[in-house]
Amino acid sequence: MKKSTPCPGCQKPITIEHFEDFSSPFTMKCPHCREKLKETQMTPWLLLLAVIIIPLLVYQGITVKSFLSGHFPIVEKLPTMIVFMAFCYPLYALYEAYNAVIIFNKGNLQLKKSN
């Protein structure tokens, strides 16, 4: 497993920790030169994976909420998103970390052309 990948602009190393700090694959910036980056090889596959995973995470949040509302009636009045963030966020965090590892190891970084 590689330790870093060079920025296509400044050639300074970008580590897996930098990739985990990006909020999404569409808002990546080099931490050194601040150039906008785009990934062209794995992003379409990750979008397809998101189409599958996001509904599963929503379903899991609804399932957890219905389970908890049977034991704690106050939970029924809470928005599902709050219940999800409280009880299911670790699964979402693992999904995001997996995306970062995939882009880091198999991705193809390029500079994003500004208009």
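Student: Which helix supplies the largest share of the lining of the largest pocket?

Tutor: General idea: rolling a probe the size of a water molecule over the atoms shows where empty space is left. A pocket is an open set of points on a 1 Å grid over the protein atoms alone, where a 1.4 Å probe fits, with protein on both sides within 12 Å along at least five of seven lines; lining residues have an atom within 4 Å of a point. In this predicted model, H4 gives the largest share of the lining, six residues. Helix H1 (16–21) joins H4 in supplying at least two residues each. Helices (H or I, at least four residues) and strands (E, at least two) are DSSP runs, numbered from the N terminus.

Student: Which residues lie nearest the centre of the largest pocket?

Tutor: Phe 19, Glu 20, Phe 22, Glu 96 and Ala 100, out of 13 lining residues. By class, the lining has eight nonpolar, three polar and two charged residues.

Student: Where do H3 and H4 meet?

Tutor: Look for contacts (heavy atoms within 4.5 Å). Phe 84, Met 85 and Phe 87 of H3 meet Tyr 89, Pro 90 and Tyr 92 of H4. That contact has six nonpolar residues, no polar and no charged.

Student: Which residue in S5 is the bridge partner of Lys 38?

Tutor: Gln 110. Numbering starts from 1 along each chain as its sequence is written. Local features need pLDDT of at least 70, side-chain atom pairs count only at pLDDT 80 or more, and totals for chains, interfaces and linings use all residues, while side-chain values use heavy atoms, leaving out hydrogens and water.

Conventions: Ala, Val, Leu, Ile, Met, Phe, Trp, Tyr, Cys and Pro count as nonpolar, Asp, Glu, Lys and Arg as charged, and the others, Gly among them, as polar. Two strands pair if DSSP finds at least two bridges between them.
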